[in-house]
Amino acid sequence: MMETALPNFHFHDLHPEPEDFHSDVIAGLRQTPRQLSPKFFYDERGSQLFDAITRLPEYYPTRTEIDLLQRHGEDMADMLGNDGLLFELGSGSDTKIRVLLDALQPQTYAPIDISREPLRLSAGAIAGDHPELEVHAICTDYSKPLALPGVVAAKRRSAFFPGSSIGNFDPGQACDLLRRIANIIGPEGRLLIGVDLKKAPSRLHAAYNDSEGVTAQFNLNLLTRINRELDADFDLAAFRHEAFYNAQLGRIEMHLVATAPQRVRIDGCCFEFQAGESIHTENSYKFSVEEFQTLAAQAGMASLRVWQDDDALFSVHCLQPV
Ligand code: AVI
């Protein structure tokens with residue numbers, strides 16, 4: 001544990017294993033169909049682009065969820081209870097947690113994130129603005145089994161997992177992750193989780209094919225990252241962004257599609273692309289309220305309460321282990 005100048009701020013670096021970007025990329029591009037993990041979107045530029053996405057007029061999830069937290073924060077606080085320990089998974093931007101902290105007033109806030117320096121910065125800023133709050137930032141990979149520092153293990157616990165990030169996991173992985181969260185918070189704990197709702201495919205299509213092309217840049221930035229970090233030679237002009245709603249599987253799929261035949265070298269390995277061939281880069285599952293309740297039940301959690309906006313774009317569930 002590293003103490004900083006602020007007496008209420010503690011940083012626990014659990015030294016998450018660095019992702020093996022090189023072997024994951026090579027293995028993913030050798031698969032049929034080719035795929036790359038969305039976790040690799042978030043280099044510095046990718047995080048900036050995602051931030052820009054959250055402010056786009058077409059990308060409704062972020063502002064709708066923030067609005068739900070603002071409107072129903074007191075109700076949510078009643079469900080979660082004050083004075084306990086609040087974990088946040090994948091803290092990223094701190095706008096949402098700031099809204100919730102005002103309503104919830106926990107004793108301890110424990111953000112968990114794999115990105116060390118952004119975590120240190122945002123958690124440190126919250127500690128500075130809330131001297132009454134104990135902040136224990138935990139640098140680890142929440143998508144893997146979690147062993148949390150003893151100092152945050154003992155109290156009454158709840159967790160906040162915003163942004164519908166759960167939708168970026170395949171159903172089996174999502175279920176495992178919910179189970180792990182249930183273990184962390186324990187039988188008395190509660191989880192507040194943001195879940196994007198099923199809706200008209202045209203609305204979903206617009207959110208992932210914005211008119212300014214920011215989502216396209218976000219998707220293509222993955223190739224820029226591979227070129228830079230893995231000594232590769234993707235021709236970015238020869239790939240286009242594609243995002244569509246797969247109604248059968250209930251998910252937005254993002255792909256990078258080759259517009260012409262080409263040969264790409266990555267650190268000595270050679271990959272041939274046919275025109276029209278795609279690399280599958282992300283799934284973003286959408287749920288009806290009942291579908292998400294079913295998934296939660298499979299993970300041993302019951303949905304105690306659901307909030308959604310008047311246009312039924314986005315939902316926030318309060319879950320409890322059963
Ligand atoms: C982070 N995640 C919940 C976003 C989503 O909507 O699935 C990532 C994203 N991809 C394209 N736009 C936003």
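Me: Buried means under 20% relative accessible area, exposed over 50% and partly exposed in between (1.4 Å probe, protein chains only). Which residues of α4 are buried?

Reply: This is a predicted model, in which local features need pLDDT of at least 70 and side-chain atom pairs count only at pLDDT 80 or more, while totals for chains, interfaces and linings use all residues. Residues are numbered from 1 along each chain as its sequence is written, and side-chain values use heavy atoms, with hydrogens and water left out. Helices (H or I, at least four residues) and strands (E, at least two) are DSSP runs numbered from the N terminus. Helix α4 is mostly covered, with seven of its 10 residues buried: K96, I97, V99, L100, L101, A103 and L104.

Me: What covers the buried residues of α4?

Reply: Contact means heavy atoms within 4.5 Å. The cover of α4 includes both helices and strands, namely α3, β4 (85–89), β5 (108–113), α5, β7 (157–161) and β8 (190–196).

Me: Which residue just after α4 takes a positive phi?

Reply: Helix α4 spans residues 95–104. The positive phi, about 45 degrees, comes just after α4, at Q105.

Me: Which residues make the contact of α4 with α5?

Reply: Axes are lines fitted to C-alpha atoms, for helices over the stretch in contact, and angles run from 0 to 180 degrees between N-to-C directions. Helix α4 and helix α5 (residues 116–129) pack at about 30 degrees with axes 12 Å apart, and are therefore roughly parallel (angles under 35 degrees; over 145 is roughly antiparallel, 65 to 115 roughly perpendicular, the rest oblique). The contact is made by I97, R98 and L101 of α4 and A125, I126 and D129 of α5.

Me: In helix α2, which residues are buried?

Reply: Helix α2 covers residues 44–54, and its buried residues are G46, L49, I53 and T54. Seen down the axis, they fall within an arc of 145 degrees (taken from the directions from the helix axis to the C-beta atoms), so they line one face of α2. Their cover includes α3 (60–80) and α8 (214–229).

Me: How many nonpolar residues does the contact of α2 with α8 have?

Reply: The two helices pack at about 160 degrees with axes 9 Å apart, and α2 and α8 are therefore roughly antiparallel. The contact is made by R45, G46, L49, F50, A52 and I53 of α2 and V214, T215, Q217, F218 and N221 of α8. Ala, Val, Leu, Ile, Met, Phe, Trp, Tyr, Cys and Pro count as nonpolar, Asp, Glu, Lys and Arg as charged, and the others, Gly among them, as polar. By class, the contact has one charged residue, four polar and, as the number asked for, six nonpolar.

Me: Which residues make the contact of α6 with α9?

Reply: The axes of α6 (residues 171–185) and α9 (residues 289–298) come within 8 Å and cross at roughly 60 degrees. That makes α6 oblique to α9. The contact is made by P171, A174, C175, L178 and R179 of α6 and F292, L295, A296 and Q298 of α9.

Me: Which residues does F21 touch, not counting residues up to four places away in sequence?

Reply: F21 lies in helix α1 (residues 21–30). At 7% relative accessibility, F21 counts as buried. With sequence neighbours up to four places away left out, F21 touches F40, R225, I226, E229 and L230.
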